Amino acid sequence: MCGIVAYKGQKNCYPILINGLKKLEYRGYDSAGVACITEQGKITVTKRSGKVKQLEDVLKKHGMNKKCIGGIAHTRWATHGRPNQINAHPHIDESATIVLVHNGIIENYDPIKKFLKSKKVKFKSETDTEVLVQLIGYFYKKGKLNFEQSVRAALQRVDGAYAIVVLNKDEPDSMIAARKGSPLALGINEKEFFVGSDISPIISHTQQIIYLEDSQMAVIKNDNYEIKSIDKDISLPKIVEKIDYKIDDYDKGKFKFFMHKEIHEQVDTISNSIIGRTTEHNVILNGLLEYWSQIEASDKIFITACGTSWHAGLIGKNLIERFAKVPVHVEYASEFRYNRTLVDNKSVVIAISQSGETADTLAAIKKANDYGAITIGICNVAGSSISRETDCGVFTRCGHEIGVASTKAFTAQISILYLFALKLASSRKQISKSAMTAHLDFSSSLRKVRSVLRKENEIKKIALKYKNASDFLYLGRGLNFPVALEGALKLKEISYIHAEGYPAAEMKHGPIALVDKNMPNVFIVPKDMTYEKIISNIEEIRSRKGKIIIITDSKEKILKDLAHDLIIIPKTNHYMFCVLATIVLQLFAYYIAVGKKLNVDQPRNLAKSVTVE
Ligand code: G6P
């Protein structure tokens, strides 16, 4: 989704901004732009639809003014108005004085636009963002308010979510950044400032970060800055955090795509999510310690999330109900936030989010907080909004995930949910010490991740056979039904092939009508209590001539006879089976997309971090 990077300092702005935009590409976008200002207040705006590379080429051709002392840049993921050059950011007010980049949505843009039009303000674009910059310009030009007051006055009149950075031609030495609902980070170095919608464009320049809170603005003037409230003209404390980061997270290394790299990283990321959190027969989740007695006593757990994280939530439900015997309700965050809810002050609400910034999940958590529930965040990004809005939480610790299709975050989320379920079971005396010890012995299962990755070529060959199919069914039961959903989602996201995940038996109630000789059906078949049942489901498809691809830990001949393609993964326990099967499905989707020559890391229309409703 939209990305922001801004710089104020003595270095040449353009390379910093263009490289920053490249770091933000992973979020998904359709146009990009940059505005820089010289010491004399000359503002140059350059925008292009398409990729950052196109913007960079234009800038290289027309020269990048080295004398600029500040700049703002943006990748836009269209919401209001088509993805074209005019609608791309930065937007500038009609007197070409105020220039701004914006993430989020101004919900009441229409009445404000009407008001401004009644004052003869002329608009160029179809965007809600232009309304905001024109409103700031309107207040500023009236002459009674200074730059900061004009920004504040405009922000006090808009509804919706925003993260903005603003420059003013009359005050080239100033820059204002503000947020409500959409994240924004300020990086501070000696005499220079960086702003980013996340830390990716900042962190290679400085590790001193302030995460702006909702309704805060950073007012930068010359070499100084203040954190202020948007609601009132008051200064607030500066809470600077030192962020650790690994440079390799932003480097593809030997891989062509980040998604491929991230699939392979699971050898380490799954263990990172577990290491230090277990003893021989105990789980230690320090992030939950303060609230554990309430969590343990709760008899109602809700899980809320979006996309892949929602699938992890379904696995979490199965594990928590299986081990701890507490009922769990899983709901899409976009539904949770508006549905009538049974959440109360005895409930636990778990929000799962890789980015920690998904707007619907954040809203769901705020609602749960309002109802007095204990809120837990399972997030990957430290300092993210969801990690800060929840009472307590556990980080997935898998490093920056850049591929839009989530991979390593999903398997880490499952690991955390597994640990959580076991800890809860143990606290509630629902599991024996010996069973805990057996579950917490990850030594051999982690090695199996590596052996699945070694099957890559075999999976690739099978994937390429099916790359021209137009529809897929993914079928699994129990814990592997969410795995089927996730496999189907991966394929849809990066290969644009229609795919549906279904509980294997439920397939009879509708989807079976789709089956013909061209349709691939991916079955996830662990050798467990559902094994015989699922074999019957395979027979049902086979007898209708559907193509059968089986992922299993069984070597029985019947599967060889039934399958057109068979992928055998190592034997392990229930939980680890679904992790291993997921990795197979990630590689399967990846190679289909590569076979179709698609941009795996930046699939069309998708955004990595969905910060609007
Ligand atoms: C977007 C991403 C998905 C992700 C979902 C939820 O749709 O493309 O990969 O699963 O958002 O994101 P979150 O960061 O909350 O896990």
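Is W310 buried or partly exposed? W310 has a relative accessible area of 12%, so W310 is buried (under 20%; exposed is over 50%, partly exposed in between, with a 1.4 Å probe and protein chains only).

## Basis

This is a predicted model, in which local features need pLDDT of at least 70 and side-chain atom pairs count only at pLDDT 80 or more, while totals for chains, interfaces and linings use all residues. Residues are numbered from 1 along each chain as its sequence is written, and side-chain values use heavy atoms, without hydrogens and water.

## Aromatic pairs

Rings of Phe, Tyr and Trp (its six-membered ring) pair if their centres lie within 6.5 Å; planes under 30 degrees apart count as stacked, over 60 as edge-to-face and the rest as tilted. The count is 16 aromatic pairs. In F257 and Y590 the ring centres are 6.2 Å apart and the planes stand at 75°, so this pair is edge-to-face. F257 lies in the loop between β15 (241-242) and α6 (258-264), and Y590 in helix α20 (residues 574-595), 333 residues apart. Both F257 and Y590 are buried.

W310 and Y332 have ring centres 3.8 Å apart and planes at 15°, so they are stacked. W310 is in helix α9 (residues 307-324) and Y332 in strand β17 (residues 328-332); helices (H or I, at least four residues) and strands (E, at least two) are DSSP runs numbered from the N terminus. Y332 is partly exposed, with a relative accessible area of 37%.

## Cluster and charges

F323, Y418, F442 and Y575 form one aromatic cluster.

A charge sits over a ring if NZ of Lys or CZ of Arg is within 6 Å of the ring centre and within 35 degrees of the ring normal. The charged end of K423 is over the ring of W292, 4.8 Å from its centre.
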